[in-house]
Each structure stands twice: as C-alpha cells, then as structure tokens.
Amino acid sequence: MMWNKRELGRKIEEWLQEDLGFGDVTTMSTIPETEHGIGILYAKEAGIVAGLPIAQQVFETVDPELVFSAKVEEGTRVEVGDQIAEVSGSVRSILSGERLALNLMQRLSAIATKTSEYTAAVAGTKARVVDTRKTTPGLRFLEKYAVRVGGGYNHRFALYDAVMIKDNHIKGAGGIAQAVAAARAAIPHTMTIEVEAESLEQVREALEAGADIIMLDNMSNEQMVEAVQLIDGRALVEASGGVNLDTIGAIAKTGVDIISVGALTHSVKAFDISLDLNTRKR
C-alpha cells in the first residue's frame with residue numbers, strides 16, 4: 001500500500017503550518033542563516049523502522065535544498081544506537097522540520113514494530129494479522145502503510161470500500177438475512193460483504209445469507225474451532241475481540257483466516273528516535 005505523494009504533500013504543508021505558524025522563532029533568533037550542518041537520526045530502542053520516505057518529504061518541503069539520506073531500508077530492524085538516516089543543509093531548516101519528521105517516524109515505526117510482534121506470534125499458521133479503522137484521524141493512510149511495513153495486512157480502508165454488517169446494523173435491518181440481502185442489492189458485484197457473528201447460530205445465518213466473510217466476535221477458542229468447521233471454506237473467517245500477544249497464537253491455531261487487531265494502531269507507544277546535530281559553517 002502506497003500513498004498519493006501530492007496528497008501527502010498537502011498534509012505535510014498543513015502539519016508544518018500547525019507547528020511553524022509564522023516561523024520558528026527560537027531557531028531564527030539563535031541560529032545564523034549561514035550555519036550548515038548534518039542531522040543524524042538514530043534509534044534509541046530496538047524495532048522496525050517505518051516512515052523514512054515520509055520524513056524525507058517533510059524535510060524537502062521545509063527546504064528543497066536539504067539532502068536526506070536513509071542509512072537503512074524501510075522495514076529494517078534496528079538496535080539501540082543504530083543510525084537510521086541523516087539530513088544535511090541549512091541548520092535552520094533541519095531544526096524547523098525535525099519535530100514533524102520525528103513525530104511521524106516515531107508513530108509509524110511503533111506501529112510497524114508492534115505489527116511485527118503480532119505477525120511473529122502467528123508464524124506457522126495460515127492466519128493473517130490485519131489492522132482496523134481504530135486509527136488516528138488524518139493519519140489512517142500512513143498508519144495502515146506502517147502495518148504493511150511491519151508484515152501485516154490491511155482490512156477495509158474506510159466505510160466506503162466494503163460492507164461490514166455489525167450488531168447494530170443487524171438490529172436496524174431486522175436480521176442478518178435482511179441486512180445481507182439489502183446490501184447485496186445496493187452494492188457493486190466487486191464489493192465484499194462481511195457479517196459479524198456473536199454465536200454459532202449467527203454464523204449459520206450469515207452462511208445461509210451468502211456472506212463473503214464472517215467475523216467471529218469475542219468467541220472462545222473452542223467456539224472458533226467449531227465455527228471454522230461449520231463454515232468449511234464457504235467464507236473467509238475473521239477473529240476479532242480479545243486479541244493480544246498472549247492470545248493471538250492460540251487464536252491462529254483455531255484455523256481462522258484473518259485476525260484483526262485494533263492494538264496495532266490505537267495504543268502503541270512512540271518508537272524512540274532522536275536527531276543529533278553536527279554543525280559546519282559555510
């Protein structure tokens with residue numbers, strides 16, 4: 001999954017405006033305009049690096065004459081003290097772009113690192129680890145990108161690209177059969193329909209209604225094994241609810257195809273990256 005560079009550019013302009021306003025008063029008042037240097041980005045913890053091309057675009061938006069050079073590839077695992085990248089040019093420009101570049105890389109690297117931990121926990125099974133819509137407003141496209149960098153997969157991007165019939169839709173429509181039939185009549189043939197099931201009876205109803213994907217919501221492992229056997233390949237099976245690093249391995253062994261994990265994006269702690277400046281006058 002990639003992004004539209006022009007759309008990202010518009011976002012970066014907005015984020016820089018939020019941070020810089022009418023100018024970086026500290027930098028402009030303390031750093032001579034002629035001061036040049038190199039900013040070294042390095043890891044202060046171990047994990048997966050994500051967001052290098054985004055950081056590069058931030059610095060180049062601040063000052064097209066800045067030169068950004070990645071020292072590792074996107075998705076590489078780094079250890080404490082490893083150099084990630086360097087940016088050279090005007091010290092004023094480096095410092096003005098530093099915080100936004102670091103904020104984005106720290107967020108995305110945290111998501112990629114967390115995702116890699118979850119994908120490692122299901123190794124040897126057929127289960128895919130996928131994200132959810134529990135993302136930071138305005139950052140969804142980047143956060144879902146970071147999930148891919150970490151070895152995971154994306155669920156639907158938003159409300160518009162797939163049908164997901166959940167408990168309140170079922171109540172409002174009058175039942176699973178009614179909800180699926182109404183959705184099937186309204187959507188293009190290329191769009192999938194997923195139904196959330198809280199019981200084996202609802203799994204049967206979803207199957208009879210022709211759901212493409214059935215989400216097993218907060219079921220026990222024993223129930224999920226039974227549901228997988230009941231579905232028997234007639235629909236993709238997704239597990240959701242109560243998923244963490246302690247439980248995901250056993251969930252994967254039930255035979256489900258997909259495991260959705262909100263924690264990949266909604267509660268990660270920023271990955272610690274710092275920038276050290278070396279100056280040189282020109």
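**Figure 1. Overview of the protein chain.** Of the 282 residues of the protein chain, 50% count as buried, where buried means under 20% relative accessible area, exposed over 50% and partly exposed in between (1.4 Å probe, protein chains only). This is a predicted model, in which local features need pLDDT of at least 70, side-chain atom pairs count only at pLDDT 80 or more, and totals for chains, interfaces and linings use all residues. Residues are numbered from 1 along each chain as its sequence is written, and side-chain values use heavy atoms, with hydrogens and water left out. The protein chain holds 11 helices and 12 strands; helices (H or I, at least four residues) and strands (E, at least two) are DSSP runs, numbered from the N terminus. Its C-alpha trace spans about 75 × 40 × 25 Å along the principal axes.

**Figure 2. Crossing of helices α4 and α5.** The axes of α4 (residues 91–121) and α5 (residues 140–149) come within 7 Å and cross at roughly 45°. Axes are lines fitted to C-alpha atoms, for helices over the stretch in contact, and angles run from 0 to 180 degrees between N-to-C directions. The two helices are therefore oblique to each other; angles under 35 degrees count as roughly parallel, over 145 as roughly antiparallel, 65 to 115 as roughly perpendicular and the rest as oblique. On the α4 side, the contact is made by Leu104, Arg107, Leu108, Ile111, Ala112 and Thr115, and on the α5 side by Leu142, Glu143, Ala146, Val147 and Val149. Contact means heavy atoms within 4.5 Å.

**Figure 3. The largest nonpolar core.** This core has 83 residues, and those with the most contacts inside it are Ile84, Leu142, Ile214 and Ile259. A nonpolar core is a set of buried Ala, Val, Leu, Ile, Met, Phe, Trp, Tyr and Cys residues joined through side-chain atoms within 4.5 Å. Helix α4 gives the most to the core, with 11 residues. Not counting residues up to four places away in sequence, the residues that Ile259 touches include Val122, Val129, Val130, Val243, Ile248 and Ile251, and also Arg128.

**Figure 4. Two loop residues with positive phi.** Asn218 lies in the loop between β9 (213–217) and α9 (221–231). Its phi is near 55°, a positive value in a residue other than glycine. Asn218 counts as exposed because its relative accessibility is 54%. Asp232 is placed in the loop between α9 and β10 (236–240), and phi of Asp232 is near 50°, also positive in a residue other than glycine. With a relative accessible area of 60%, Asp232 is exposed.
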